[in-house]
Amino acid sequence: MEFCVNLVKTVDDSYTIEIGDNLSEKLREFLREFVRDKKINVAIITDSNVYELYGEAFDKTVKDALPQCRVNTVVFPAGEKSKTRKTKEYIEDKLIEWGYRRDTLIIAHGGGVVTDIAGFVSGTFARGVPFVNYATTLLAAADASVGGKTAVDTEMATNLIGLIYQPKKVFIDTATWDTLSEKEISGGLAETIKHACMANKEFFEYLEENIEK
């Protein structure tokens, strides 16, 4: 005997990208609208560099927007070396320790490593919880924070283990670029140039004319 399990479905994973200078108030507005009066658990995931620069102010922004919710922050060491299954496990253990379950919203606050790991955690924790990206680097703005690409690295290859899982909203705060090093700016521009080479001649020419700015 054989049965067909018909699972055809259409999913709308559309989301908006907010770009601007100092988006704290925009973040508050979005969180209030997204959560409304629900009492949920909120986890801010960030790295040590971003937390040192912006952590306390960002935590306050989220808590002020959602006074009825539990808000906790998990910080891991900054850098590509932390983009591992071990870091993902550490974050998941923190969520479990705090008693978080399906009623959880994750906010990724940082660059590409943060958005990759936080998105991966969001896609697997409690079989999938919503998340928001608040990108703080040019590289994350050009690549990691958009498109739903989430993953961790292994010794064999980068981004080998992960999944495609879309955020509910992306914030690209250009004010945070003031604290980036020349190397970090160059890395973000390299990714931007790559997109222009693949997709748009006019954009490539614009970059040639304006890249020093």
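## Helix 3 against helix 4

Helix 3 passes helix 4 in a crossing that is right-handed, in a model that is predicted. The axes of helix 3, which spans residues 85-97, and helix 4, which spans residues 112-124, come within 10 Å and cross at roughly 55 degrees. Helix 3 and helix 4 are therefore oblique to each other, given that angles from 65 to 115 degrees count as roughly perpendicular and those under 35 degrees as roughly parallel.

On the side of helix 3, the residues that meet helix 4 are Thr-87, Lys-88, Ile-91, Glu-92 and Leu-95, and their partners in helix 4 are Ile-117, Phe-120, Val-121 and Thr-124. Sorted by class, this contact of helix 3 with helix 4 holds five nonpolar, two polar and two charged residues.

## Helix 1 against helix 2

Another helix pair is formed by helix 1 (residues 24-35) and helix 2 (residues 48-65), which pack at an angle of about 35 degrees with their axes 9 Å apart. The crossing in which helix 1 passes helix 2 is right-handed.

Helix 1 contributes Ser-24, Leu-27, Arg-28, Leu-31 and Arg-32 to the contact, and these residues meet Phe-58, Thr-61, Val-62, Asp-64 and Ala-65 of helix 2. By class, the contact of helix 1 with helix 2 comprises five nonpolar, two polar and three charged residues.

Lys-83 is located in the loop that runs between strand 3 (70-76) and helix 3. Its relative accessibility is 5%, and Lys-83 therefore counts as buried, since the cut-off for that class is under 20% relative accessible area.

Asn-159 itself is placed in the loop between strand 6 (149-152) and strand 7 (161-164), and at 43% relative accessibility Asn-159 counts as partly exposed. The backbone of Asn-159 has a positive phi of about 55 degrees, although the residue is not a glycine.

Trp-98 lies in the loop between helix 3 and strand 4 (104-110), where, at 18% relative accessibility, Trp-98 counts as buried. Leaving aside neighbours within four places in sequence, Trp-98 is in contact with Arg-70, Asn-72, Thr-73 and Val-74. Computed along the sequence, Trp-98 and Ala-175 are 77 residues apart, and their C-alpha atoms are 32 Å apart in space.

Ala-126 is found in the loop between helix 4 and strand 5 (131-135). For this alanine, a residue other than glycine, phi is positive, near 55 degrees, and with a relative accessible area of 28% Ala-126 is partly exposed.

## Glu-191 in helix 6

Glu-191 belongs to helix 6, which covers residues 182-199, and at 14% relative accessibility Glu-191 counts as buried. Its side chain makes a polar contact of 2.9 Å with the side chain of Lys-194. When neighbours within four places in sequence are left aside, the residues in contact with Glu-191 are Leu-139, Ala-142 and Asp-143.

Technical notes:
Residues numbered from 1 in each chain as written. Predicted model: local features only at pLDDT ≥ 70, side-chain atom pairs only at ≥ 80, totals over all residues. Heavy atoms only, no water. Axes fitted to C-alpha atoms, helices over the stretch in contact; angles between N-to-C directions. Helix = DSSP H or I, 4+ residues; strand = E, 2+ residues; numbered from the N terminus. Parallel < 35°, antiparallel > 145°, perpendicular 65-115°, else oblique. Left-handed = near helix turned anticlockwise from the far one by under 90°. Contact = heavy atoms within 4.5 Å. Nonpolar A, V, L, I, M, F, W, Y, C, P; charged D, E, K, R; others polar. Buried < 20%, exposed > 50% of the residue type's maximum accessible area, 1.4 Å probe, protein only. Polar contact = N/O pair within 3.5 Å; in protein donor to acceptor, adjacent residues only side chain to side chain.
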